[in-house]
Amino acid sequence: MLINPILAIDGYKVSHREQYPEGTTRVYSNFTPRSDRYFTSPVADGKLVFFGLQGFLKWFMVDLFNHQFFAQPEEKVVGEYQKLMDSYLGKGQVSVEHIRALHQLGYLPLHIKGLDEGSKVSMKIPVLTITNTRDEFFWLVNYLETVLSAELWKASTNATIAHHYRKICQQWAAKTCDDSGHLDFQCHDFSFRGMSGLHDVAQSGSGHLVSFKGTDSIPSIVYVQDYYTNGDDYFVAASIPATEHSVMCMGEQEGEIATFRRLIETLYPNGFVSIVSDTWDYWKVITEYTRELKTAIMARDGRVVFRPDSGDPVEILCGTGADDDHSADRSPEQKGSVEVLWEIFGGTVNEKGYKVLDPHVGLIYGDSITLERANEILQRLAAKGFASSNVVFGVGSFTYQFNTRDTFGFAMKATYGEVNGVGRMIFKQPKTDGGLKRSARGLLQVVVDEQGEFQLRDEQTHQQEQGGALKTRFLDGKLVNQEHIDVIRQRLAAQC
């Protein structure tokens, strides 16, 4: 959407410039996750993964402003603003001279400081601060609050959720696997179709890629390449050839096994291929077709990945029976997919004593996966004697879309200002609130304590505010201290 970015605001922001006290020359605000009360995870640790600032600064604060505001004729952008405001609030009710002055200046006179992306921060720790660098543009700081919040909360939220999937997978790998080579691809992003548009897919989907390298959201890869690499050939993410139900249906039910045979022998005689297997009768595929196709599957140099796509994922993968029941008369449904494939294709027992399926076959489940279900599946597989590496999870939009700004209570609040050259420590502390909305006070500094944890210090001097873990990321229209996605990935991995 090539909107004039000066219009990317909540309507009430238009009037705030004149509402500040006369003589206001500075506004200083912060963006902070305040609470994780709406976030649940089997491995919850009370922290947020901060991610997304650099991408936002590049595409919106630099590219969009430069292309759609500063590079446009003055009368065009000012006239567009005036026309909309005359219609919105009444003719002549809103001055346009401050917009004209900003255009004539030629850059955004702002100073934005942020923590290193990929850092894990506790609640109530600011992840960024923002202030104006020229007195007359004090109004610009909180003018951008709405778009800043809208663009940042979800990328960090989804990066945090992906990190929790990674933690779950790592914990069970440590218990049941000899190595962790499968982890980068154990959770695959399937969320594209359930997200709120293309930009949402690209931006929030990049949060998944901080912890994993498997995605079907190609726009997320492009986003990371554009905003988090140096234009190099760095490997961001990948996938494998995979079918969908239309492919299987087009081959017709009577010819389903022929479709399987064509896929694994003709189209993909080598490498990985994922085949959706529940178009009609999943258990027939997993118990009958697999036996008939076993010779062809075992002759391939690669893996055939079966994809169940309906039912209870825990039961489909692990079975409906008791995990310690090894009786021979159990049905395939009672055994579950992993055990059924083990009986047909076999495998090895690793050094930790857990079964690993033959590398010619595998399983991916991409429907209705949650953090809780992923943990339960790996827990039950371990109880049945199987390594966690035997399954891959497709993580969809229920995981990455079913969240709000309140999942981590993100808010941007002003804590300091200057009027007639005198500093004012400002804060909010509503008596009707239980403490969630109480803000910090004055200038802020975030420091790292002896335990490596971020700590907030408020009521700081100007000199103190300049130090700490919040580093300059944007200054007067230019990006500062940019980082590569590989650095961000390594930073987060070190904290897992």
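User: Is Asp116 buried or exposed, and what is its relative accessible area?

Analyst: Keep in mind that this is a predicted model. The general idea is to compare the relative accessible area with a cut-off: under 20% is buried. Asp116 has 14%, so it counts as buried.

User: Which side chain does Asp116 meet in a salt bridge?

Analyst: That would be Arg473, with 2.6 Å from N to O. Asp116 sits in the loop between strand 3 and strand 4, while Arg473 belongs to strand 18, so this pair ties together parts that are 357 residues apart in sequence. Arg473 is buried as well, at 7% relative accessibility.

User: Which residues are linked with Asp116 and Arg473 in a network of salt bridges?

Analyst: Lys471, Glu483 and Arg491. For the protein, the count of salt bridges comes to 25.

User: Let's follow Arg491 into its helix. Which residues of helix 19 are buried?

Analyst: First the general idea: an α-helix has 3.6 residues a turn, so residues three or four places apart point the same way. In helix 19 (residues 485-493), the buried residues are Ile485, Ile488, Arg489, Arg491 and Leu492. They cover an arc of only 160° around the axis, which puts them on the same side of helix 19.

User: And what covers the buried residues of helix 19?

Analyst: The cover includes strand 2 (47-49), strand 4 (120-122), helix 6 (145-176) and helix 8 (218-228).

User: Back to salt bridges. How do I read the one between Lys335 and Glu343?

Analyst: Check the distance, then each partner's accessibility. The side chains meet at 3.1 Å, N to O. Lys335 is buried at 11% relative accessibility, whereas Glu343 is partly exposed at 42%.

User: Which residue forms a salt bridge with Asp323?

Analyst: Arg380, the closest N and O atoms being 2.7 Å apart. Asp323 lies in the loop between helix 13 and helix 14 and Arg380 in helix 16, 57 residues apart. Arg380 counts as buried, at 14% relative accessibility.

User: What about Arg100: which side chain does it join in a polar contact?

Analyst: Glu75, at 2.7 Å. Arg100 lies in helix 4 (residues 97-105) and is buried at 18% relative accessibility. Not counting residues up to four places away in sequence, Arg100 touches Glu74, Glu75 and Val78.

User: Last one, the surface. Which residues make the nonpolar patch of about 280 Å²?

Analyst: Leu84, Tyr88 and Leu89. Leu89 lies in helix 3 (residues 74-89) and is partly exposed, with a relative accessible area of 38%.

Conventions: Residues numbered from 1 in each chain as written. Predicted model: local features only at pLDDT ≥ 70, side-chain atom pairs only at ≥ 80, totals over all residues. Heavy atoms only, no water. Patch = residues over 30% accessible without salt bridge, like charges linked within 9 Å, V, L, I, M, F, W, Y side chains within 5 Å. Areas by Shrake-Rupley, 256 points an atom, 1.4 Å probe, with all protein chains shown as cover. Salt bridge = Lys/Arg side-chain N within 4 Å of Asp/Glu carboxyl O. Helix = DSSP H or I, 4+ residues; strand = E, 2+ residues; numbered from the N terminus. Buried < 20%, exposed > 50% of the residue type's maximum accessible area, 1.4 Å probe, protein only. Polar contact = N/O pair within 3.5 Å; in protein donor to acceptor, adjacent residues only side chain to side chain. Contact = heavy atoms within 4.5 Å. Arc of directions from axis to C-beta.
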